[in-house]
Amino acid sequence: MPEQGTVAPYSVSDSLSLVDLKHALAAGWSDFCIYPTYGLFFAAIYVAGGILISLVMLQWGDASWLIPAAAGFPLLAPFTAVGLYEVSRRREAKEPVSWKPVLGALRGHGDEQIVSMGVIVFVAFAFWLMLAHGVFAIFAAESGTDAESLAFLLTSTGLAMLVVGSAIGAIMALAFYSVTVMSLPLLVDHEVDFITAIIVSLAAIRSNKPVLLVWAVVVAVILFVALLPLFLGLFVALPVLGHATWHLYRRTVISVAA
C-alpha cells in the first residue's frame with residue numbers, strides 16, 4: 001500500500017494521479033448537470049463581481065488599482081465555491097439538497113471557521129492589491145508617460161511591469177491555492193478548526209505536488225478561457241471546477257481518525 005501523510009486526525013494520500021483529475025472533472029460535470037441551479041446561482045454572484053470590476057475599469061481607467069483588482073479577482077473563486085462543495089457532499093451522502101443547508105454551508109458547522117477563512121481570503125486579496133500597486137508605483141516613477149492610463153501598459157516600462165507583477169502574482173496565487181484547495185472542502189465536510197484545515201491542505205500539496213500543480217494550472221487555464229466571452233463561460237466553468245475540487249478532496253483526504 002502507498003504511504004500516507006498524516007496530519008492528526010487526518011490522513012492524506014500521496015498517490016494521486018492524472019487519472020484522478022480526470023475522474024474529478026467528470027464527477028464535477030455530473031454534479032453540475034444534476035443540480036445546475038445551485039451552480040448557476042453561485043457563478044452569477046462571481047460573474048456579477050467580475051462585470052462590476054470591468055465597468056469600474058472602463059469608467060475610472062486608473063490602471064494602478066483596477067488592473068490588480070481584476071487580476072486578483074480569481075483569488076475569491078474558492079470561497080464562492082463553498083456552497084458547491086455542500087451540494088456535492090449531500091449528493092454523495094444521499095442527503096436531500098435544498099437552499100437552506102447549501103447557503104448555510106458558508107457558516108460551516110456553526111463555529112465560524114469558514115468565516116475565518118473568508119477573512120484570510122479578503123486579507124490576501126487586499127495584500128495583493130497593495131503589493132501590485134507598489135510594483136506599479138516603482139515602474140511608473142521611471143516612465144515619462146501618463147502612468148495612470150491604460151496606454152502605459154503598451155510601453156516598454158509598462159510591459160516590464162506586467163512581467164514582474166505577473167511573476168509576483170503567480171507566486172501569491174500558488175501560495176493561496178496551496179492553503180485553500182483542500183482546507184475549504186475539509187471545513188465543509190468536518191467540524192475542524194481552520195488552522196488544522198490549512199495544515200492538511202499544505203500536506204496534500206507536499207504529498208502530491210506534481211498532480212496538484214497540474215490541477216492548479218488546469219483551474220487557471222479554464223478560468224482564464226471562461227473569462228474571455230464576457231465572463232459567460234464562468235457559468236459553466238466555476239460550478240464544474242467547484243464540484244470537481246470537492247471530488248478531488250475526497251480522493252486526497254482519505255481517512256479520519258475515530
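On a 1 Å grid over the protein atoms alone, a pocket is an open set of points where a 1.4 Å probe fits, with protein on both sides within 12 Å along at least five of seven lines, and its lining residues have an atom within 4 Å of a point.

The model is predicted, so local features need pLDDT of at least 70 and side-chain atom pairs count only at pLDDT 80 or more, whereas totals for chains, interfaces and linings use all residues. Residues are numbered from 1 along each chain as its sequence is written, and side-chain values use heavy atoms, with hydrogens and water left out.

**Overall build**

The protein chain has 12 helices and 3 strands, which are DSSP runs (H or I of at least four residues for helices, E of at least two for strands) numbered from the N terminus. Of its 258 residues, 47% count as buried, where buried means under 20% relative accessible area, exposed over 50%, and partly exposed in between (1.4 Å probe, protein chains only). The chain exposes about 12500 Å², of which carbon and sulfur atoms supply 72%; accessible areas come from the Shrake-Rupley method with a 1.4 Å probe, and for residues only the protein chains shown count as cover. Among contacts (heavy atoms within 4.5 Å) in the protein chain with a separation of 6 or more, 75% are between residues 24 or more positions apart.

**The second largest pocket**

This pocket is lined by 13 residues, and Ile 45, Tyr 46, Leu 76, Phe 79 and Thr 80 lie nearest its centre. Two or more lining residues come from each of α2 (36-60), α4 (77-80) and α7 (113-140), with α2 giving the most, 5 residues. The lining has 10 nonpolar, 3 polar and no charged residues, where Ala, Val, Leu, Ile, Met, Phe, Trp, Tyr, Cys and Pro count as nonpolar, Asp, Glu, Lys and Arg as charged, and the others, Gly among them, as polar.

**The nonpolar cores**

A nonpolar core is a set of buried Ala, Val, Leu, Ile, Met, Phe, Trp, Tyr and Cys residues joined through side-chain atoms within 4.5 Å. The largest has 53 residues, of which Leu 212, Trp 215 and Leu 248 touch the most other members, and helix α12 (residues 234-252) gives the most to this core, with 8 residues. Apart from this core lies another, of 6 residues, including Val 135, Phe 139, Ala 140 and Met 161.

Trp 215, in helix α11 (residues 209-227), counts as buried because its relative accessibility is 0%. Beyond four places in sequence, Trp 215 touches Leu 21, Leu 25, Tyr 177, Val 181, Leu 241, Ala 244, Thr 245 and Leu 248. With neighbours within four places likewise left aside, Leu 248 is in contact with Leu 16, Asp 20, Leu 21, Ala 24, Met 182, Leu 212 and Trp 215.

The table sets out pairs by their separation in sequence and their C-alpha to C-alpha distance.

| Pair | Separation in sequence | C-alpha to C-alpha distance |
|---|---|---|
| Trp 215 and Leu 21 | 194 residues | 7.0 Å |
| Val 188 and Val 82 | 106 residues | 7.3 Å |
| Phe 125 and Ala 173 | 48 residues | 10.0 Å |

Val 188 lies in helix α9 (residues 183-189) and is buried, with a relative accessible area of 6%. Leaving aside neighbours within four places in sequence, Val 188 is in contact with Val 82, Tyr 85, Glu 86, Arg 89, His 109 and Ile 114. Phe 125 belongs to helix α7 and is buried as well, with a relative accessible area of 13%.

**Around the end of α5**

Arg 90 lies in helix α5 (residues 82-93) and counts as buried at 14% relative accessibility. Residues up to four places away in sequence not being counted, Arg 90 touches Glu 95, Pro 96, Val 97 and Pro 101. Lys 94 lies in the loop between α5 and α6 (99-104) and is exposed, with a relative accessible area of 76%. Phi of Lys 94 is near 60°, a positive value in a residue other than glycine. Most residues other than glycine have a negative phi.
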